[in-house]
Amino acid sequence: MPKKLIKGNEAIALAAVKAGVDAFFGYPITPQNEVPEYLSKYLPEAGKVFLQAESEVAAINMVYGAAGAGKRVMTSSSSVGIALKQEGISYIAGAELPCLIVSVMRGGPGLGGIQPSQADYYQATRGGGNGDYHLLVIAPESIQETVDYIKEGFDMADQYRNPVMILVDGLIGQMMESVDLDKPVPLRDKISKPWATTGTVNHSGRNVVSSLFLDPQSLEAHNLHLKSKYDLMRTNEVRFELINMETPDYVIVAYGTTARIARSSIEMLKEVGINVGMIRPITVWPFPKKAFDLIPSSCKGILVAEMSLGQMVDDVEIANKGRFEVAFYGRTGGIVIDPTEIRDAIINFKKWVRD
Amino acid sequence: MIRYEKTAGLTDKKTHYCPGCTHGILHKIVAEVMVELGILDKAVGIASVGCSVYSYEYFNCDMQQAPHGRACATATGVKRVLPDNVVFTYQGDGDLASIGIAETIHAANRGENITVIFANNATYGMTGGQMAPTTLIGQKTTTSQSGRDPHTQGYPIKVSEMFQHLKGVAYVERVALTGAQNVNKVKKSIKKAFQYQLEGKGFTMIEVLSTCPVNWGMSPYDAMQWVTEKMVPEFPLGVYKDVGKDD
């Protein structure tokens, strides 16, 4: 298929349609509004379900119901809206339902702002909901990659019976890029859903969707079962990209939009004779810890760059195991980092080293 | 020969309900109606949070357990993707009229073709008898120990009266589980609600005045009397809306 110039949020909607989404439930919030706007047209035309809920809380619980009924379901939102969805996300993880959640980050805390941000890394990877659970969180750096992972993300969710989150920022949502919507993505086994509540006329026995285990031994067993899935994700689903990692003087760690920007910084640093590599986490949960074992010992330090005041840097420090000095450079509040800022942060590395 | 048998609409699981509580009667009625209408095998029930949280273990059909107050949102999700199934929620007053009032009103206003079984016993039973949105003025609970004072704690919320004004509502009736005659009315109303759903008429809700003898500190008999003497004057029984009447 020829590539099309397309806006990020529109591409998210189109990719979901390509992936065979059966139902979308959401609530308006900037900067992701084009996702529900496009789907409100496409899905009814295709005989599928689009419903604008009365709140993000209601939307995620509609996702719970429709996912429990065995359908391919998604929602999208942003920062303060994702915060409202956390109750339902915890239930969906606890009840082992597959769904896709698109988070288009804006500045916070509170109402914050509407410009691009990466300040919801903790929200995505640590979870704002209660209990021992994880989302599989994928943080693409381009619209093409977003499209590809939305298509694969639904299959991942089905395979693990767990919510998958596509974590982008307002820049990816709002910018336009050339995209191939039909680019093939890795195919996974087709998953049947014999557990779905479709009425006993459609399956043997009685199906129940629940996350309640009042007996602590049963709940611990359930938690251990969930952990076994998270362990499988850690083994099978870690994704990252290594850039210029043969003999780097420094290594940048950045994801999403910031990684995109850091590519330019690396080129600028080449011009002044500094050789810089990059680890770009694509899954931020599970975090690509093993990528850090590939940093050659000649490296003088790691610079983490984020559009936040430092959230992923915690994971980097864990993965680094104290081998290298870790510096952090970030802008926040909706400010997009300029490539020269990351260039200068490498040049003045010591200034940004963390305590 | 007339022989009494347990309805196939209920599982064999022993319920956890307190002695004298009316949830057992209400479960039985809902289950019997589903069997009589032949819809048990295409029913998907939504259990709420509160005393009825375990209703998913008792109704002998597919069930989902929804977060507190979200049953109508969850039911919406199910019904929208499975329009040919029969979808119902089973909720108490705290779940429906307090934390879940927004989800319930909007499901009703959209005319979601679902049936809501709303047990109103004027208290939070599961958590130990706290003040509910439907607690009567002067009623003592563990969080209104001198009796509900409307100046600081507001008034009992009248759900059926509110919902009758919503266009999406097809049928709303308030009934009570007091005495054989009223129990028959409960069954008749629930059957009609499910029938309306089968006919695609829209949102149906049956508000069922129920007892909570343990948290009210009364014998089951006195609790029934209390419903008749105290609750019914505040929550009058009757049909609040019925679109079928004009058919």
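Reply: Gladly, and please keep in mind from the start that this is a predicted model. Let us begin with helix H9 of chain A, residues 256–271, which has 16 residues and reaches 24 Å from its first C-alpha to its last, close to the 22 Å expected at 1.5 Å a residue.

Me: How should I describe the way H9(A) and H11(A) cross?

Reply: Two packed helices are described by the angle between their axes and the distance between the axes. Here the axes of H9(A) and H11(A) cross at roughly 55 degrees and come within 8 Å, and the two helices are therefore oblique to each other. Their crossing is right-handed.

Me: Which residues meet where H9(A) and H11(A) touch?

Reply: From H9(A) come A:Ile261, A:Ala262, A:Ser264, A:Ser265, A:Met268 and A:Leu269, and they meet A:Pro339, A:Thr340, A:Ile342, A:Arg343 and A:Ile346 in H11(A). Sorted by class, the contact of H9(A) with H11(A) has seven nonpolar, three polar and one charged residues.

Me: What should I look for in the backbone angles?

Reply: Most residues other than glycine have a negative phi, and most peptide bonds are trans. With that in mind, look just after H9(A), where A:Gly273, a glycine, takes a positive phi of about 85 degrees. A positive phi in a residue other than glycine is found at A:Asn244, where the value is near 55 degrees, and this residue sits in the loop between strand S10 (240–243) and S11 of chain A. In chain B, Ala122 is not a glycine either, yet B:Ala122 has a positive phi of about 60 degrees; its place is in the loop between strands S4 (115–120) and S5 (123–124) of chain B.

Me: Are A:Asn244 and B:Ala122 buried or partly exposed?

Reply: A residue counts as buried if 20 or more other C-beta atoms lie within 10 Å of its own. A:Asn244 has 16 C-beta neighbours inside 10 Å, so it counts as partly exposed, whereas B:Ala122 has 28 such neighbours and therefore counts as buried.

Me: Where are the cis peptide bonds at A:Pro31 and A:Pro109?

Reply: One cis peptide bond joins A:Thr30 and A:Pro31, with omega about 10 degrees, and A:Pro31 is found in the loop between strand S2 (23–26) and helix H2 (34–45) of chain A. Another joins A:Gly108 and A:Pro109, with omega about 0 degrees, and A:Pro109 is placed in the loop between strand S5 (99–105) and helix H5 (121–125) of chain A.

Me: How many residues does each chain bring to the contact between chains A and B?

Reply: Chain A brings 33 residues and chain B brings 28. On the side of chain B that touches chain A, strand S1 (43–47), strand S2 (62–65), H3 and helix H5 (101–109) of chain B each supply at least two residues, and H3(B) gives the most, with eight residues. By class, that side of chain B has 14 nonpolar, eight polar and six charged residues.

Me: At what angle does H3(B) pack against H3(A)?

Reply: H3(B) and helix H3 (residues 56–68) of chain A pack at an angle of about 45 degrees, with their axes 6 Å apart, and that angle makes H3(A) oblique to H3(B). The crossing of H3(A) and H3(B) is right-handed. The residues making this contact include A:Ala58, A:Met62 and A:Ala66 of H3(A), with B:Ala73, B:Gly77 and B:Val81 among those of H3(B).

Me: Which residues are in contact with B:Val81, leaving aside its neighbours within four places in sequence?

Reply: They are A:Asp22, A:Ala23, A:Val49, A:Ala66, A:Ala69 and A:Lys71. B:Val81 has 24 C-beta neighbours inside 10 Å, so this residue counts as buried.

Methods
Residues are numbered from 1 along each chain as its sequence is written. Chains are lettered from A and ligands numbered from 1 in the order in which they are written. This is a predicted model: local features need pLDDT of at least 70, side-chain atom pairs count only at pLDDT 80 or more; totals for chains, interfaces and linings use all residues. Helices (H or I, at least four residues) and strands (E, at least two) are DSSP runs, numbered from the N terminus. The expected span of a helix is 1.5 Å times one less than its number of residues. A residue is buried if 20 or more other C-beta atoms lie within 10 Å of its own, exposed if 12 or fewer, and partly exposed in between; C-beta atoms are placed from the backbone. Two residues are in contact if their C-beta atoms, placed from the backbone, lie within 7 Å. Axes are lines fitted to C-alpha atoms, for helices over the stretch in contact, and angles run from 0 to 180 degrees between N-to-C directions. Angles under 35 degrees count as roughly parallel, over 145 as roughly antiparallel, 65 to 115 as roughly perpendicular and the rest as oblique. A crossing is left-handed if the near helix is turned anticlockwise from the far one by less than a right angle, and right-handed if clockwise. Ala, Val, Leu, Ile, Met, Phe, Trp, Tyr, Cys and Pro count as nonpolar, Asp, Glu, Lys and Arg as charged, and the others, Gly among them, as polar.
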